[in-house]
Amino acid sequence: MRGDRRVEAAHAAVRALVAAKIRFLLPMTIIYIVGYVGLTVVAGFAKDVMAIKIVGPLNIGFALIALNYLLSWALALIYERVANRVFDPLSAAAAESVRGAVR
Amino acid sequence: MSITLLIFLLILIVTLGITYWAAQRTKTASDFYAADSQLTAAQNGFALAGDWCSAAAFLGFSGLTALYGMDGAFYALGPLVAFCTVLFLIAEPLRNSGKYTLGDVIRSRMQTRSSLLAAIAGTIVVNFAYLMPQMAGAGVLVRLLTGISYDWAVIFVGVSMIVYVAFGGMLATTWVQIVKAVLMLGAGAIVLVMALSLVHFNPLTLFADTEAKYGAGYLLPGNYLKNPFDQISLGLGYVLGLAGLPHVMTRFYTVPDAKTARRSVVWVMFLAGAFFAGTTLFGLAAADFVGQDAIRAADKGGNLALPLLAQHLGGGKGSVGGELMLGFVAAVAVATILAVVSALTLSTSSSIAHDFYVNWLKGGQVEGRQEVWIARLAAVIIGVLAIALGILAQGVNVAVLVILAICVAASANFPVLVLSLFWRRFNTGGVIGGMTAGLVSSVALAMIGPAMRGSDALWPLVNPTIVSLPIGFLGAALGSLIAARDLENEKRFDAFLLQVHTGRAPE
C-alpha cells in the first residue's frame, strides 16, 4: 500500500518534470528550427536579401550562416546549464521517491 | 601516392592494435554492443564526431563550397544544427530507456513483437541505405587517392571493418572513431592555419578574392541547389534525420548516464561544428589558391578540393611538403570512411543479433556468451554483404540511396521514436503505421524523383523529406487511432516515463 503511494508520487513528480521540460524546450526548439529553416527559405526565395553586403565582401547570407553556428552552440550550452541545475535535481527527486517501492 | 599508403599503413597498424586490445576486453553482450557503458563524455563526443563526419562531410562540403560557393556552406551547417534535436529530444531518453538499440526502446514501450519487427525494419533499411553508398564511395575514393583498383579498395575497406567490429565490438569501433576524429580535426586545424596565414589571418580576404575571381553570384545561394523547396527539404531531412539514425543512437548507450550523454552531445557540437565551419573556409581557400578548374580536373564533384588545397599549402605538386600534406589528408579521408562503415556494421549486427535473433525469435532466452557470438557472426555476414553490394554498385547511381538513408531516418524512425517517448495514446498500430508510411513514401518519392530518373522525373524534388516526414507522422497518428486502444500500454506509460526521465524503473 505504502509502495503504491510512493510510485504514484514518483509518477506525479515525473509528469511535473516532463511539463517543465516541454515548457522550456518548446521555445528552444522553435528558435533553432525557425532560425535554420528560415535561413533556407530566405536563401531560396529572397536571394537579393542574402546578397546585401555588410562588412566588406561579407554578405548577409554568410553572416546568417555564421549566426546559426553561434545560435546552435549557445542553445546547447543554455540547455546543458538548465538541465544540470533544474531538471537533474527534479529527476533525482523522482527517482529517490520510487527507491525500494513495490509496484 | 606512396606517402598516402605509408601514412595509411600507420593508421591501420594503430587501429588493428586497438582492436587486439579491445578484443581482450570484449566478453559480454554489454561489452560488445555498448563498450559496457563506461565511456566518458569527451570520449563519446570525439567518437560521435568520428561517427557523424563521413567522407561526404570531410571532403564533400569543402568541394561543394569551392565549386558552388554559399550552397556548400549550407550543406555544412545542417549537420551541426541537427544535434540540437538530438540534444533536446533524443540523447537522454535513449540512454535512460534502452539497452543497445532503437528496437529496445520500442520494445520496452510497446511490449509487442510486431512493433519490434517494425523497429528492426527501420534500422536495417536506413543502415544499408547509408552503408552501400559509403562502400561505393570508398571504392572510388581509395582508387583516386592511392591508385589501387575499385574492387580491391572495396574489399580492403570491408575486410578492415569486419575485423574491427567482429573482434573488437563497440570498444574497437569507438576508438577507431576517436583516432579518426583526432586526425580529422588535426588535419583541419593545420590546413586552416596554413591557409589563413596566406591571407594575413583575415578570412574576409578569401571572400573578396573568390568574388573577384568567380563573380558576385559565387557568394550567393542557388548555384547547386536550384529548387528552393529542395533546399528546405534537405535542411529538414538533416535536422530531424540525424535523430533517427540507428548508428548514431547506439552511441548514447556507451555512456553510464543521461548527464554524460548530454555532455557528449555538447562535445560533438563544438568538435564537429568547428570542423564544419572550417570546411566553408577550406572551400573558399581551395577556390582561391588552387582554382576551380584544377579542382574540377581532378574530380568533377569537387571531392579532391581539400587534398589539393593541402598539397598547395605544403609547397605544391612534387615538393616534399606538398606530397606529405596530400598524403596525410588522403589517409585521414580513408580513415574517415573506415570509422563510419564500422559504426554502420556494428549497429546493423546489433539489431540483427539482439533485436531480431534474441528478442524476436527467441523471446530473450539466449545466454549472454552465445549472443556475443551471434553478433560477431552477424557482423561478418553484413560485412561480406556490404562488400558484394559495394562491388555491384560500381558505376550505378547511388545518390538516391544517400538521400533515402537520411529521408527514411527522418520520416519513419524519427516520428516513431518521438511519439513513443512523448505520446501516451501511441500504440503498436501507430509504430507500424508510422514506419510503413514514412518508409513507403520516402522510397516511392525518391524513386520517381530526379535523383533516380534524371530529367524524366515525375516529381520535382531530389530530397522528398518535406512531404514524406508529414506523411510519416500522419501514418503514426492514424495507425494509433485506428488500432484499438491499448489500455495496458497507456497504464504502463507512467512507469515508462519514469524510466525515460530518471533512468530508474519501479522495482
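Start with Asp4(A): does it count as buried or exposed? With 12 C-beta neighbours inside 10 Å, Asp4(A) counts as exposed. The cut-offs here: a residue is buried if 20 or more other C-beta atoms lie within 10 Å of its own, exposed if 12 or fewer, and partly exposed in between, with C-beta atoms placed from the backbone.

Before going further, some housekeeping. This is a predicted model, where local features need pLDDT of at least 70 and side-chain atom pairs count only at pLDDT 80 or more, while totals for chains, interfaces and linings use all residues. Residues are numbered from 1 along each chain as its sequence is written, and chains are lettered from A and ligands numbered from 1 in the order in which they are written.

**Stop 1: chain A**

Asp4(A) sits in helix H1 of chain A.

Now colour chain A by secondary structure. (Helices, H or I with at least four residues, and strands, E with at least two, are DSSP runs numbered from the N terminus.) The radius of gyration of chain A is 22 Å, well over the 13 Å that the globule rule gives for 103 residues, so chain A is more spread out than a compact globule. That radius is taken over C-alpha atoms, and the globule rule is 2.2 Å times the number of residues to the power 0.38.

Buried residues come to 27% of the 103 in chain A. Of the contacts in chain A with a separation of 6 or more, 71% are between residues 24 or more positions apart; two residues are in contact if their C-beta atoms, placed from the backbone, lie within 7 Å.

**Stop 2: where A meets B**

Show both chains. How many residues does each one bring to the contact? Chain A gives 46 residues and chain B gives 37. On the chain A side, select helix H1 (2-45), helix H2 (47-51), strand E2 (58-59) and helix H3 (60-98): each supplies at least two of the residues that touch chain B. Colour that side by class and you get 32 nonpolar, 10 polar and 4 charged residues. For the classes, Ala, Val, Leu, Ile, Met, Phe, Trp, Tyr, Cys and Pro count as nonpolar, Asp, Glu, Lys and Arg as charged, and the others, Gly among them, as polar.

**Stop 3: chain B**

Chain B has 21 helices and 0 strands. For 507 residues a compact globule would have a radius of gyration near 23 Å, and the 22 Å of chain B agrees. Its C-alpha trace spans about 70 × 50 × 40 Å along the principal axes, and 65% of its 507 residues are buried.

**Stop 4: two helix pairs in chain B**

Select residues 150-197 and 368-392 of chain B, which are helices H8 and H16. They pack at an angle of about 165°, with their axes 9 Å apart. Axes are lines fitted to C-alpha atoms, for helices over the stretch in contact, and angles run from 0 to 180 degrees between N-to-C directions. H8(B) and H16(B) are therefore roughly antiparallel to each other. (Under 35 degrees is roughly parallel, over 145 roughly antiparallel, 65 to 115 roughly perpendicular, and the rest oblique.) Show side chains at the contact: among them are Gly158(B) and Met161(B) of H8(B), and Gly383(B) and Ala386(B) of H16(B). The contact divides into 11 nonpolar, 3 polar and 2 charged residues.

Next, select helices H4 (55-68) and H15 (320-361) of chain B, whose axes come within 8 Å and cross at roughly 135°. That makes H4(B) oblique to H15(B). Here Ala55(B), Phe58(B) and Leu59(B) of H4(B) meet Ala333(B), Thr336(B) and Ile337(B) of H15(B).

**Stop 5: two loop residues**

Finish with Ser37(B), in the loop between helix H2 (29-34) and helix H3 (41-52) of chain B. Ser37(B) has a positive phi of about 50° although it is not a glycine. Then jump to Gln111(B), in the loop between helix H6 (102-110) and helix H7 (113-146) of chain B. The phi of Gln111(B) is near 55°, a positive value in a residue other than glycine. Gln111(B) is partly exposed, with 15 other C-beta atoms within 10 Å.
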